[in-house]
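User: I would like to go through some of the labels used for this model and ask what each of them rests on.

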Amino acid sequence: MTEFLDLETQDGVRMPWNVIPGTKHDSSNAIIPVSALYTPLKPLPSTTPTLPYAPLRCRNCRSVLNPFSIVDFASKIWICPFCLARNHFPPHYHSISDDNLPAELYPQCTTIEYESSPAERSPVPPVFLFVVDTCVIEEEDQIMEQMGFFVKRARPATGVVAGVKDGLSQESISRFLLPASECEFAMNSILEELQKDPWPVPTDQRATRCTGTALSVAAHLLGACVPGSGARIMAFTGGPTTEGPGAIIGKNLSEPVRSHKDLDKDSAPYYHKAVKFYEGLAKQLVHQGHVLDLFACALDQVGVAELKVAVERTGGLVVLAESFGHSVFKDSFKRVFRSGDYDLGLSSNGIFEVNCSKDIRVQGIIGPCASLEKKGPLSSETVIGQGNTTAWKMCGLDKATSLCLVFEMVKKDSPEAIDQSANNQFYFQFLTYYQHSSGQMRLRTTTLSRRWVAGPGSIQARNFVNFYFCSDVIVSDKDSRNIPQYSVLIEPCASSLRKLDTDQKDLISGFDQEAAAAVMARLVSFKMETEAEFDPIRWLDKSLIHLCSRFGEYQKESPSSFSLSPRFSIFPQFIFHLRRSQFVQVFNNSPDETAYFRMILYRENVANSVVMIQPSLISYSFHSTPEPALLDVAAISADRILLLDSYFTIVVFHGSTIAQWRKAGYHNQPEHVLFLGHWLLSCSHPFQECLLMEAPQSLQVFAQLLQAPHDDANAILKERFPAPRLVICDQHGSQARFLLAKLNPSATYNSDMPASEREILFTDDVSFETFLDHLQRLAVQ
């Protein structure tokens with residue numbers, strides 16, 4: 001795993017297959033598609049230079065000179081690795097030699113950035129246009145305080161600005177937009193005068209909100225004032241749209257807001273019309289190069305599911321909270337305008353392009369971007385996400401924005417096709433042209449080389465077992481005691497002992513199971529949104545069974561003989577938690593919440609995506625230093641504190657004994673030193689003797705034990721956007737459900753032998769052990 005993290009540090013790329021199945025047949029057998037998770041603006045290592053000149057491009061395919069180019073120093077010619085075209089170096093490269101290489105040819109500079117000259121700096125600083133829901137001002141006056149935070153802070157090069165465009169005069173534009181240095185008085189005056197919508201609202205009706213119309217006006221205003229410049233519409237809404245285009249519900253309170261069940265049955269009368277409106281708004285904003293950010297704060301649904309298309313295609317930020325006074329909104333909003341440490345690194349006007357070897361096609365991107373419909377020979381007929389193109393618009397992006405690119409192999413696996421290419425490398429190049437927060441236009445280029453394997457392995461693979469399942473579900477989550485029987489037809493196998501061939505071992509050596517889990521999460525979420533009657537559990541189980549059958553070693557019909565390489569060993573665990581995650585299990589979540597979770601998943605990197613799929617759990621106790629704990633109900637102990645990070649929620653969970661001591665204030669009362677000393681004497685603490693010899697310091701140890709998870713939680717809160725919800729709870733308390741819902745139910749109320757002093761879960765969900773047993777049984781059939 002370390003080598004994959006090193007590659008990500010250098011290039012911002014993680015790929016499930018770092019040794020690529022080189023033919024179409026091998027790729028389909030690999031189950032997980034050839035794909036890449038790329039963070040275009042990931043901070044570069046300090047040793048990587050920024051080049052102050054224009055890049056050198058291939059005259060044929062327009063790829064950029066890179067370390068994989070073949071250079072003829074005598075003839076001053078370089079050969080493009082993508083199209084093999086021969087290109088002459090321009091005159092200012094005349095001194096190039098083996099000992100005098102330009103930075104873009106250094107082997108370690110596979111990712112490098114070019115910046116434009118100061119003369120090409122954008123004359124218009126970033127623009128922020130606020131659209132505020134006045135129906136909630138009286139109840140939610142905290143939004144005014146947070147917007148006041150913006151005008152009270154000094155902002156260097158960003159802010160609300162004005163410019164002269166398309167013949168509009170400075171006076172006309174200044175009615176709506178002012179420089180940050182001049183807008184404090186005007187903005188404070190507006191906020192002071194802003195009042196709740198005076199229109200009376202009957203008690204049996206919802207407030208009249210025309211969010212869609214307001215956003216349309218804002219988009220046209222920016223289109224007239226600052227077209228083509230980096231601008232953001234920041235919408236603050238506290239309720240559902242009930243009037244005009246984009247409405248999601250009627251005014252009558254007796255009419256319920258649409259649910260997942262309504263969407264599945266196509267019985268949400270407003271949904272499709274609202275989505276169509278926001279698709280048109282997204283197209284307009286993408287054309288103008290502007291971003292839509294959404295801050296939705298309400299206990300009711302506000303229409304995030306409908307607005308998703310506009311926010312996502314423009315690369316906007318999204319925050320969903322219970323109210324404008326909640327820490328999730330306040331901390332997230334402050335973070336948008338923070339500079340220095342933990343800043344988001346907001347950039348704008350990005351264009352992302354892909355170039356790759358001729359045997360690879362681009363199916364599409366799942367992530368915050370919009371297709372520029374630049375169809376070419378490298379675009380696949382099969383579309384996933386934003387496809388049918390090799391170029392995408394990224395109106396807004398930051399240093400954490402990640403894209404999931406899905407590729408298709410087109411090389412046939414006939415011996416003739418395999419022998420045609422002597423080079424066993426595939427090349428990828430990602431080009432990101434964007435406007436930096438400083439106003440400069442920059443181009444970041446990342447070039448990758450990955451080895452492919454094919455040939456005898458792919459042909460031999462046809463002799464392996466083929467599966468035809470009447471049921472592809474590993475185990476029912478409803479009742480682990482009633483496991484359905486599976487009817488399986490098996491084609492003859494050459495040997496009862498299945499061994500891996502050389503090509504399969506090569507594929508396994510380059511398998512990144514964390515990246516694979518992140519890709520599978522995006523794919524299953526995308527399929528749930530776009531495919532009617534799609535069964536995500538069946539699809540995930542079928543994929544996992546096929547993957548384990550192909551890359552596992554086992555004896556036919558002998559589950560106990562089944563084994564997976566360490567490269568694959570954690571992947572079934574990821575799929576188990578993905579099946580239980582909020583991305584797949586939409587029950588008890590509203591369409592707005594599900595849309596919010598998926599929007600964040602689509603823009604986050606591998607590390608954060610894995611935390612969303614399988615939360616991390618840290619244990620704090622007197623017995624040891626803080627250490628990772630299994631995400632299992634067995635991790636709960638009376639004398640232990642647990643810190644759960646599920647990305648959207650951070651839980652500090654106190655065991656019953658720790659909670660009693662905390663409530664009694666033992667960490668603050670010297671008279672309880674003797675009591676703690678007796679308790680420490682009964683446990684096996686590694687520093688037991690030291691603690692007993694220095695009894696007064698025992699209280700400090702307990703105080704430090706209580707404080708340590710809070711310090712770690714605060715460290716996570718500072719660096720994460722959107723800010724997660726912090727939950728402090730005790731064992732057997734009502735909010736302990738935030739932890740219990742994420743744990744593996746290895747002990748439930750219907751377990752055969754539940755331990756008397758062990759926490760149990762009241763659930764019918766199957767445990768990971770049961771899941772794994774049935775996976776092994778099905779994989780070896």
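**Labels and their grounds**

Analyst: In this predicted model, I537, L540, D541, L544 and L547 of helix α15 meet F571, P572, I575, L578 and R579 of helix α16. The residues of this contact divide into 8 nonpolar, no polar and 2 charged.

User: What makes α15 roughly antiparallel to α16?

Analyst: Two packed helices are described by the angle between their axes and the distance between the axes. Here α15, residues 536–551, and α16, residues 571–579, pack at an angle of about 175 degrees, and their axes are 10 Å apart. Angles over 145 degrees count as roughly antiparallel, and therefore α15 is described as roughly antiparallel to α16.

User: Why does H654 count as buried?

Analyst: The cut-off for buried is a relative accessible area under 20%, and H654 has a relative accessibility of 1%, so H654 counts as buried. This residue lies in strand β28, which spans residues 649–654. Leaving aside neighbours within four places in sequence, H654 is in contact with R640, I641, A659, R662, L706, H710, I728, C729, D730 and Q731.

User: Which side chains are joined to that of H654 by a polar contact of 3.3 Å?

Analyst: The side chain of R662 is joined to that of H654 by a polar contact of 3.3 Å, and a polar contact of 3.3 Å also joins the side chains of H654 and D730. For a polar contact, the pair of N or O atoms has to lie within 3.5 Å, and the value of 3.3 Å for H654 and R662 meets that limit, as does the value of 3.3 Å for H654 and D730.

User: How do you know whether H326 is buried or exposed?

Analyst: Under 20% relative accessible area is buried and over 50% is exposed; H326 has 18%, and therefore H326 is buried. H326 lies in the loop between β12 (318–321) and α10 (327–336), and a polar atom of the H326 side chain lies 3.1 Å from the backbone nitrogen of V328.

User: Which residues does H326 touch, not counting those up to four places away in sequence?

Analyst: H326 touches A321 and R725 on that count. H326 and R725 are 399 residues apart along the chain, while their C-alpha atoms are separated by 9.0 Å.

User: What does the UniProt annotation cover, and what is the chain like there?

Analyst: According to an unreviewed UniProt entry, the annotation "domain: Zinc finger Sec23/Sec24-type" covers residues 55–93. Over residues 55–93 the chain of the model is 0% helix and 23% strand, with the end C-alpha atoms 12 Å apart.

Notes:
Residues numbered from 1 in each chain as written. Predicted model: local features only at pLDDT ≥ 70, side-chain atom pairs only at ≥ 80, totals over all residues. Heavy atoms only, no water. Axes fitted to C-alpha atoms, helices over the stretch in contact; angles between N-to-C directions. Helix = DSSP H or I, 4+ residues; strand = E, 2+ residues; numbered from the N terminus. Parallel < 35°, antiparallel > 145°, perpendicular 65-115°, else oblique. Contact = heavy atoms within 4.5 Å. Nonpolar A, V, L, I, M, F, W, Y, C, P; charged D, E, K, R; others polar. Buried < 20%, exposed > 50% of the residue type's maximum accessible area, 1.4 Å probe, protein only. Polar contact = N/O pair within 3.5 Å; in protein donor to acceptor, adjacent residues only side chain to side chain. UniProt positions renumbered as here; feature names shortened; annotations may be inferred.
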